[in-house]
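Please open the model in your viewer and keep the sequence panel beside it. The tour below moves from one selection to the next and says what is found at each stop.

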Amino acid sequence: MKLQELVEKMGLEVKTARSELEREVTGGYASDLLSDVMANARKDDLWVTLQTHQNIVAVATLKGVAGVILVNDRVPEEDTVQLAEEEHLPLLVTGLPAFEIIGRLYEMGIKGSR
């Protein structure tokens with residue numbers, strides 16, 4: 001499924017890299033622990049987190065994730081937004097808690113990575 005479809009169906013707010021919304025999402029990963037994401041997320045996953053600092057961009061880029069969803073109406077820090085734009089990484093925001101957004105993603109066919 002493409003990021004654009006997820007954005008539209010779930011009402012996600014796009015903070016960065018609108019040009020990358022045609023990217024395909026093949027799975028999902030949820031964690032707030034950067035080392036966990038580095039060890040377990042996969043290329044083209046959609047990463048769900050509450051972290052907003054610029055290190056999420058570094059980890060997301062390293063792993064090649066399709067995008068990052070920030071939960072609970074978290075606002076990414078300004079340097080995070082700038083770096084995400086430079087790296088062409090979509091940062092998406094939802095007011096939903098992680099548990100609910102992950103459930104909705106699962107219902108739409110986005111399964112967790114193993």
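**First stop: Thr52**

Select Thr52, which counts as buried because its relative accessibility is 14%, where buried means under 20% relative accessible area, exposed over 50% and partly exposed in between, with a 1.4 Å probe and protein chains only. This is a predicted model, in which local features need pLDDT of at least 70 and side-chain atom pairs count only at pLDDT 80 or more, while totals for chains, interfaces and linings use all residues. Residues are numbered from 1 along each chain as its sequence is written, and side-chain values use heavy atoms, with hydrogens and water left out.

Thr52 sits in the loop between E3 and H3; helices (H or I, at least four residues) and strands (E, at least two) are DSSP runs, numbered from the N terminus. Show the neighbours of Thr52 next: leaving aside residues up to four places away in sequence, Thr52 touches Leu70, Arg74, Val75, Pro76, Glu77 and Thr80, a contact being heavy atoms within 4.5 Å.

**Second stop: helix H3**

Now select residues 55-63, which form helix H3, and find Val59 in this helix. Val59 counts as buried because its relative accessibility is 5%. Beyond residues up to four places away in sequence, Val59 touches Leu34, Val37, Met38 and Trp47. If you draw a distance from Val59 to Leu33, which lies 26 residues away along the chain, the C-alpha atoms are separated by 11 Å.

Ala60 also has its place in helix H3, and Ala60 is buried, with a relative accessible area of 1%. Which residues does Ala60 touch, not counting those up to four places away in sequence? They are Trp47, Val65, Val68 and Leu89. Of these, Leu89 is 29 residues from Ala60 in sequence, and the two are 7.9 Å apart in space, C-alpha to C-alpha.

In soluble globular proteins, nonpolar side chains tend to be buried together. A nonpolar core here is a set of buried Ala, Val, Leu, Ile, Met, Phe, Trp, Tyr and Cys residues joined through side-chain atoms within 4.5 Å. Select Leu46, Ile69, Leu92, Ile101 and Leu105, which have the most contacts inside the largest nonpolar core, a set of 18 residues. Helix H1 (3-10), strand E3 (45-49) and helix H5 (98-107) each supply at least two residues of this core, and H1 gives the most, with four residues. Apart from this core lies another, of 16 residues, among them Leu34, Val37, Trp47 and Leu91.

Return to Ile101 and show its surroundings: Ile101 touches Met10, Leu12, Val48, Ile69, Val71, Thr94 and Leu96, not counting residues up to four places away in sequence.

**Last stop: the whole chain**

Finally, colour the chain by secondary structure to see five helices and five strands, which follow the pattern α-β-β-α-β-α-β-α-β-α when read along the sequence. The C-alpha atoms fill a box of roughly 35 × 30 × 25 Å, taken along the principal axes. Buried residues make up 45% of the 114 residues in the chain. Among contacts between residues at least 6 apart in sequence, 49% join residues at least 24 apart.
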